[in-house]
Amino acid sequence: MNEKQEVSMQEIVKLANEALHSNDDYIHGVVVYEAVQTPDCIVFKGENFLDENGFPTGKSMAAFNLYKWLSYQLTPLYTVK
């Protein structure tokens, strides 16, 4: 069994933002600002594309799916210290 690599929040944010560009569903403006380690996974937080009233826009679900994809890809490899 492979051990996960421990990284800082800044390091995982950098890795996540680099990985975003390799996803076929990448949309301009999606960026990760923060990552939080939970017991089960890494949760990525970033641009949500909300409108002026704070409601989701058409890009909101695409951004959410990209953050979920990052969690799926990076959680098996890294632990945020």
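## Q37 and its contacts

Not counting residues up to four places away in sequence, Q37 touches I42, Y78, T79 and V80, where contact means heavy atoms within 4.5 Å. Q37 is found in strand β2; strands (E, at least two residues) and helices (H or I, at least four) are DSSP runs, numbered from the N terminus. A polar atom of the Q37 side chain lies 2.9 Å from the backbone nitrogen of V80. That is a polar contact: a pair of N or O atoms within 3.5 Å, where within protein one must be able to donate a hydrogen and the other to accept it, and residues adjacent in sequence count only if both atoms are side-chain atoms.

Q37 counts as partly exposed because its relative accessibility is 28%; buried means under 20% relative accessible area, exposed over 50%, and partly exposed in between (1.4 Å probe, protein chains only). The C-alpha atoms of Q37 and K81 are separated by 7.8 Å, although the two residues are 44 residues apart along the chain.

## A note on the model

Please keep in mind that this is a predicted model, in which local features need pLDDT of at least 70 and side-chain atom pairs count only at pLDDT 80 or more, while totals for chains, interfaces and linings use all residues. Residues are numbered from 1 along each chain as its sequence is written, and side-chain values use heavy atoms, with hydrogens and water left out.

## The β2–β3 hairpin

Let us follow β2 to its partner. β2 and β3 form a hairpin with four residues between them. The two strands run antiparallel and are joined by five bridges; strands pair if DSSP finds at least two bridges between them. V32 has G46 as its bridge partner in β3.

β3 itself has two faces: I42, F44 and G46 make up the covered one, while V43 and K45 lie on the uncovered one. F44, on the covered face, is in contact with I12, A16, V32, E34, A35, Y67, L70, S71 and L74, leaving aside its neighbours within four places in sequence.

## Helix α1

α1 has 12 residues and reaches 16 Å from its first C-alpha to its last, close to the 16 Å expected at 1.5 Å a residue; the expected span is 1.5 Å times one less than the number of residues. Its buried residues are I12, V13, A16, N17, A19 and L20. Seen down the axis of α1, these fall within an arc of 160°, so they line one face of the helix; the arc is that of the directions from the helix axis to the C-beta atoms. Q10 and K14 are exposed on the other side of α1. The cover over the buried residues of α1 includes β1 (5–7), β2, β3, α2 and β4.

N17 is buried, with a relative accessible area of 19%. A polar atom of its side chain lies 2.7 Å from the backbone nitrogen of V32. Leaving aside neighbours within four places in sequence, N17 is in contact with V31 and V32.

## Helix α2

Helix α2 (residues 58–74) has 17 residues and reaches 26 Å from its first C-alpha to its last, close to the 24 Å expected at 1.5 Å a residue. S60, A63, L66, Y67, L70, S71 and L74 are buried in α2. Looking down the axis of α2, the buried residues fall within an arc of 145°, so they line one face of the helix. The face turned away from this buried side carries the exposed residues G58, M61 and Y72. Among the elements covering the buried residues of α2 are α1 (9–20), β2 (32–37), β3 (42–46) and β4 (78–80).

S60 lies in α2 and counts as buried at 12% relative accessibility. The S60 side chain reaches the backbone oxygen of N48 at 2.8 Å. Leaving aside neighbours within four places in sequence, S60 is in contact with N48, F49 and L50. F49 lies in the loop between β3 and α2 and is buried, with a relative accessible area of 13%. F49 also has a positive phi of about 55° although it is not a glycine.

## The nonpolar core

Which residues touch the most other members of the largest nonpolar core? Of its 20 residues, they are I12, V30, V32, F44 and L70. A nonpolar core is a set of buried Ala, Val, Leu, Ile, Met, Phe, Trp, Tyr and Cys residues joined through side-chain atoms within 4.5 Å. At least two residues of this core come from each of α1, β2, β3, α2 and β4.
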